[in-house]
Amino acid sequence: RIVKLAESGKPIKKGEVVVEFDGAQQEQYYLDRATSVRTVDSEIVQLKANHRIVDEMDGMNLMTAGYNLERAKLEASKAEIVSEIEGLKSKIDVGIFDGELGQVKTTINAHKVTQKADLDRVNQRKDKTVRDMERAKGYLEKMVLRAPIDGILNILPNFRSQGSWGSKPPPFKEGDTAWTGAPIAEIPDLT
């Protein structure tokens, strides 16, 4: 909707406002996108914090599994001194704790892959939201059309306005609704 329109037949200088459209809807869309960007940023911070917690737990599990394996190896090294049954039991424990350590390492690798995928997904969503916000900002900037050259402004007829049948359509005026590609005004090159 046209909220401001320069006067027809009057001189206009390069850069002066010719037409200004109601940008309320685009402004609201821009604010929604900006809010979405901040929301996604918060999600990224929370996701990274959760990843740090998982990384700390994985580190602790890795350290515990390594400690258990080393302790089992130490117990197995006493096999010559203690009974044969105790020695075999200690060797079995070494195998169990070695398997546990391998399982912890596999879990850590799985967590890293999952964390990277989660972060990539959220970053892609942020990129899309930023692009949407920038597009809305670009639309907002296009809500004001300025004169590209000095000259005399001529407001063109609004072919979609209600008028008497057979009469010339009235020119555009403030409050009229324009459509995409509608010729609203012209500044003829009088040279």
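Strands here are DSSP runs of E with at least two residues, numbered from the N terminus. This is a predicted model, so local features need pLDDT of at least 70 and side-chain atom pairs count only at pLDDT 80 or more, while totals for chains, interfaces and linings use all residues. Residues are numbered from 1 along each chain as its sequence is written, and side-chain values use heavy atoms, with hydrogens and water left out.

Now widen the view to the sheet. Strands of a sheet pair through backbone hydrogen bonds, either parallel or antiparallel. Here three strands make an open sheet in the order 1-3-4, with antiparallel pairing. The edges are taken by strand 1 (2-5) and strand 4, each with a single partner strand, so one side of each has no neighbour in the sheet. On average, neighbouring strands of this sheet are turned by 10° against each other, direction ignored; the axes behind that angle are lines fitted to C-alpha atoms, and angles in general run from 0 to 180 degrees between N-to-C directions. Strand 3 pairs with strand 4 over three bridges, and strand 1 with strand 3 over three bridges as well; two strands count as paired if DSSP finds at least two bridges between them.

Next, the packing. The largest nonpolar core has 15 residues, and Ile2, Leu5, Ile12, Val19, Leu153, Phe172 and Ile184 have the most contacts inside it. Strand 1 and strand 3 are the elements that give two or more residues to this core, and strand 3 gives the most, with three. Such a core is a set of buried Ala, Val, Leu, Ile, Met, Phe, Trp, Tyr and Cys residues joined through side-chain atoms within 4.5 Å, where buried means under 20% relative accessible area (1.4 Å probe, protein chains only).

Finally, the open space. A pocket is an open set of points on a 1 Å grid over the protein atoms alone, where a 1.4 Å probe fits, with protein on both sides within 12 Å along at least five of seven lines; lining residues have an atom within 4 Å of a point. The largest pocket is lined by 24 residues, with Phe21, Lys142, Leu145, Trp179 and Ile184 nearest its centre. Strand 3 gives the most to this lining, with three residues.

Definitions and conventions. Helix = DSSP H or I, 4+ residues; strand = E, 2+ residues; numbered from the N terminus. Buried < 20%, exposed > 50% of the residue type's maximum accessible area, 1.4 Å probe, protein only.
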